[in-house]
Amino acid sequence: MTDDAYLVLQSDSMAALGVPLAAVGDLACLETPAVRAWLQAQGVTETSADLRLVPPEETAAIPEDAERLPVPLGAEELSRLRHHTAPPDLARLEEELLGYRSCTDGRDALLARALAAGVPAHRVAELTGEDLTTVEAAAR
């Protein structure tokens, strides 16, 4: 696993990876000369349906022969990417966890529900701003 996300040019023979770049919104890395040159060399634009953004935890699934470029993402950008790659049920729960930052009513129940649904503890901590040990304690 790497710390960078990857831009990947999707081919017909590849399983769908990540999300379309356009789904994630504006990314600072898209303005860099390296990314601009890579897009131009591939003959694609930021809105191309074949251009995908793959989060760091899924980069092992990228085929060796795939056209790809590592791109660093900021914390907020990475959070948006992960939100778009989450299954719909988990994405809805992630929205609640993000809303959690402004309230504490029902905190323990929400943390326990998120963990029981399969949201990893580190992701719950990232979304809520809670300490990882606090999140893990909610599972008990």
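Student: Which residues in H4 meet residues in H5?

Tutor: Leu90, Leu93, Glu96, Leu97 and Tyr100 in H4 meet Arg107, Leu110, Arg113, Ala114 and Ala117 in H5. Contact means heavy atoms within 4.5 Å. A note on the source: this is a predicted model, where local features need pLDDT of at least 70 and side-chain atom pairs count only at pLDDT 80 or more, while totals for chains, interfaces and linings use all residues. Residues are numbered from 1 along each chain as its sequence is written, and side-chain values use heavy atoms, with hydrogens and water left out.

Student: What are the elements of the protein, and in what order do they run?

Tutor: The protein has seven helices and four strands. From the N terminus the order is β-β-α-α-β-β-α-α-α-α-α. These are DSSP runs numbered from the N terminus: helices are H or I, at least four residues, and strands are E, at least two. The C-alpha trace spans about 50 × 30 × 25 Å along its principal axes.

Student: At what angle do H4 and H5 pack?

Tutor: Two packed helices are described by the angle between their axes and the distance between the axes. For H4 and H5 (residues 107-117), the angle is about 155 degrees and the axes are 11 Å apart. Axes are lines fitted to C-alpha atoms, for helices over the stretch in contact, and angles run from 0 to 180 degrees between N-to-C directions. H4 and H5 are therefore roughly antiparallel. The cut-offs: under 35 degrees is roughly parallel, over 145 roughly antiparallel, 65 to 115 roughly perpendicular, the rest oblique.

Student: Which hand does the crossing of H4 with H5 have?

Tutor: H4 passes H5 in a left-handed crossing. That is, the near helix is turned anticlockwise from the far one by less than a right angle; clockwise is right-handed.

Student: How do H5 and H6 pack?

Tutor: Their angle is about 140 degrees, and their axes are 9 Å apart. H5 and H6 are therefore oblique to each other. Here the crossing is right-handed. Leu111, Ala114 and Leu115 in H5 meet Ala121, Val124 and Thr128 in H6. The contact of H5 with H6 has five nonpolar, one polar and no charged residues.

Student: Where do the axes of H3 and H6 come, and at what angle do they cross?

Tutor: The axes of H3 (residues 75-85) and H6 (residues 121-128) come within 12 Å and cross at roughly 125 degrees. That makes H3 oblique to H6. H3 passes H6 in a left-handed crossing. Ser79, Arg82 and His83 of H3 make the contact with Arg123, Glu126 and Leu127 of H6. By class, that contact has one nonpolar, two polar and three charged residues.

Conventions. Nonpolar A, V, L, I, M, F, W, Y, C, P; charged D, E, K, R; others polar.
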